[in-house]
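Have the sequence handy as you read.

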Amino acid sequence: LPKSQFCKAFTIIDQNRDGIISKDDLRDVLATMGQLNVKNEELEAMVKEASGPINFTVFLTMFGEKLKGADPEDVIVSAFKVLDPEGTGSIKKEFLEELLTTQCDRFTAEEMANLWAAFPPDVAGNVDYKNICYVITHGEDKEEE
């Protein structure tokens, strides 16, 4: 996975947007991946794997090893699911735009315009993130179903 994809994952896992992944952030992410009954001790052990606070650099080092061989599409979809607690398969355009223009490799206005041209939100302003994840990992040529 390229660094920018780890950056997106970090941003999504860092629920309170403080630049550090905490135990609570980890619990939320693991829940979205179906691991609902993670014990406090397990979360503490994960946080203790790092030599200090888990910032982006520490995250890259720790999770780079663990994600080797993982399907990048599953990883990205799981990260998006954190933003979609109801499991609707979509998130608000405004929320995604704020994330992409304020975190990590910030999107420019032009990049945002291109994103919305490629993935237009529905009338309610929702964006289908599974579609975005597919294109991120497989390229633009998605076949119509």
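## Helices and a pair within one

First, a term we need: a helix here is a DSSP run of H or I at least four residues long, and helices are numbered from the N terminus. Keep in mind that this is a predicted model.

Now look at helix α6, where you'll find both Lys93 and Glu97. They sit 4 residues apart, about one turn of the helix. Their side chains meet in a salt bridge, with 3.5 Å from N to O.

How many salt bridges turn up in a search of the whole structure? There are 4.

Take Arg17 and Glu98, whose side chains meet in a salt bridge at 3.3 Å, N to O. Arg17 lies in the loop between α1 (3-13) and α2 (23-32), while Glu98 belongs to helix α6 (residues 93-102), so the pair links parts of the chain 81 residues apart. Arg17 is partly exposed at 29% relative accessibility, and Glu98 is partly exposed at 40%.

Then there's Glu44, which forms a salt bridge with Lys23; their closest N and O atoms are 3.0 Å apart. This pair also links distant parts of the chain: Glu44 is in helix α3 (residues 40-48) and Lys23 is in helix α2, 21 residues apart. Glu44 has a relative accessible area of 31%, which makes it partly exposed, and Lys23 is partly exposed at 25%.

## The nonpolar core

Time to head inside. The largest nonpolar core has 37 residues, and the ones touching the most other members are Ile21, Ile54, Phe59, Phe80, Leu96 and Leu115. Two or more residues each come from α1, α2, α4 (56-66), α5 (72-82), α6, α7 (109-118) and α8 (129-138). The largest share, 6 residues, is from α1.

Why does this core lie between domain 1 and domain 2? Because domain 1 (3-67) and domain 2 (73-138) both give residues to it.

## A closer look at Ile54

Which residues does Ile54 contact, leaving aside neighbours within four places in sequence? Its partners are Phe10, Gly19, Ile20, Ile21, Val47, Phe59 and Met62. Ile21 and Phe59 are also among the core residues that touch the most other members.

Definitions and conventions:
Residues numbered from 1 in each chain as written. Predicted model: local features only at pLDDT ≥ 70, side-chain atom pairs only at ≥ 80, totals over all residues. Heavy atoms only, no water. Buried < 20%, exposed > 50% of the residue type's maximum accessible area, 1.4 Å probe, protein only. Core = buried A, V, L, I, M, F, W, Y, C linked by side-chain atoms within 4.5 Å. Domains from an automatic or database assignment. Contact = heavy atoms within 4.5 Å.
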